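Open the model in your viewer and keep the sequence panel beside it. The stops below go from the whole chain down to single residues.

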Amino acid sequence: MLLYENGRFSLGSVSFKLPNGIGIDTDNEEINGEGFTLTAPDRSFTVQIAFEESEDDAHEEFTHIFDDELSYKLIGEIEEITVNGLNGYKAIYEDEGTLNEEYAFDIQGCEGYNILNIYVMIRKNSTIYDEAYKSRIVKEILDGIKCD
């Protein structure tokens with residue numbers, strides 16, 4: 001269970017804070033582990049934050065997205081990233097209706113969960129999408145991650 005304390009959500013050794021000016025979608029069935037979905041007030045994009053239990057590591061979590069069975073197209077390459085001591089990967093990819101930006105981090109000491117996943121989905125048909133706002137939200141989420 002995620003714990004909220006002193007302005008931060010935590011699960012075991014990893015915690016994060018939410019950015020200002022974002023909604024929380026409490027009716028989302030896509031979260032398989034512990035987490036929730038944030039949504040822009042204009043609903044032009046969503047951000048899922050989830051702790052996941054997987055047999056794979058963070059890099060392998062990405063590789064299955066781009067197999068022949070799914071319709072996602074990788075834009076660029078999967079990049080290695082480090083955020084506040086957590087090592088992980090970032091990928092940008094698209095399908096017919098969405099542009100996706102995803103971060104997956106290998107984590108330890110989190111009640112059986114081994115991956116922290118942050119998934120941003122932008123609807124391509126959104127005429128009101130604000131790139132600067134989305135970038136600020138994602139930056140604040142990433143900058144707010146702590147690993148004890």
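**Conventions**

The model is predicted, so local features need pLDDT of at least 70 and side-chain atom pairs count only at pLDDT 80 or more, while totals for chains, interfaces and linings use all residues. Residues are numbered from 1 along each chain as its sequence is written, and side-chain values use heavy atoms, with hydrogens and water left out.

**Whole chain**

Select everything and colour by secondary structure. The chain has two helices and eleven strands, where helices (H or I, at least four residues) and strands (E, at least two) are DSSP runs numbered from the N terminus. The order along the sequence is β-β-β-β-β-β-α-β-β-β-β-α-β. The C-alpha trace spans about 40 × 35 × 25 Å along its principal axes. For 148 residues a compact globule would have a radius of gyration near 15 Å, and the chain agrees with its 15 Å; the radius is taken over C-alpha atoms, and the globule rule is 2.2 Å times the number of residues to the power 0.38.

Colour by accessibility next. Buried residues make up 45% of the 148; buried means under 20% relative accessible area, exposed over 50%, and partly exposed in between (1.4 Å probe, protein chains only). Of the contacts with a separation of 6 or more, 51% are between residues 24 or more positions apart, a contact being heavy atoms within 4.5 Å.

Then colour by charge. There are 11 positive and 32 negative side chains, and the centres of the two sets lie 11 Å apart. Lys and Arg count as positive and Asp and Glu as negative, without His and the chain ends; each charge is placed at NZ of Lys, CZ of Arg, CG of Asp or CD of Glu.

**Aromatic pairs**

Show the rings of Phe, Tyr and Trp (its six-membered ring): they pair if their centres lie within 6.5 Å, and planes under 30 degrees apart count as stacked, over 60 as edge-to-face and the rest as tilted. The count comes to seven aromatic pairs.

Select Phe-16 and Phe-51: the ring centres are 6.3 Å apart and the planes stand at 35°, so this pair is tilted. Phe-16 is in strand β3 (residues 14-16) and Phe-51 in strand β6 (residues 45-52), 35 residues apart. Both Phe-16 and Phe-51 are buried.

Move to Tyr-72 and Tyr-93, an edge-to-face pair with 5.0 Å centre to centre and 75° between the planes. Tyr-72 lies in the loop between α1 (58-63) and β7, and Tyr-93 in strand β8, so the pair ties together parts that are 21 residues apart in sequence. Tyr-72 is partly exposed at 27% relative accessibility, whereas Tyr-93 is buried at 2%.

Now select Tyr-4, Phe-9, Phe-16, Phe-36 and Phe-51, which ring pairs link into a cluster.

**Lys-146**

Lys-146 is in strand β11 (residues 146-147) and is partly exposed at 44% relative accessibility. Which residues does Lys-146 touch, not counting those up to four places away in sequence? They are Arg-8, Ser-13, Val-14 and Ser-15.

**Two loop residues**

Asn-6 lies in the loop between β1 (3-5) and β2 (8-11). Its phi is near 55°, a positive value in a residue other than glycine, and Asn-6 is exposed at 74% relative accessibility.

Finish at Asn-84, in the loop between β7 (73-83) and β8 (86-94). Phi of Asn-84 is positive too, near 50°, and this residue is partly exposed at 42%.
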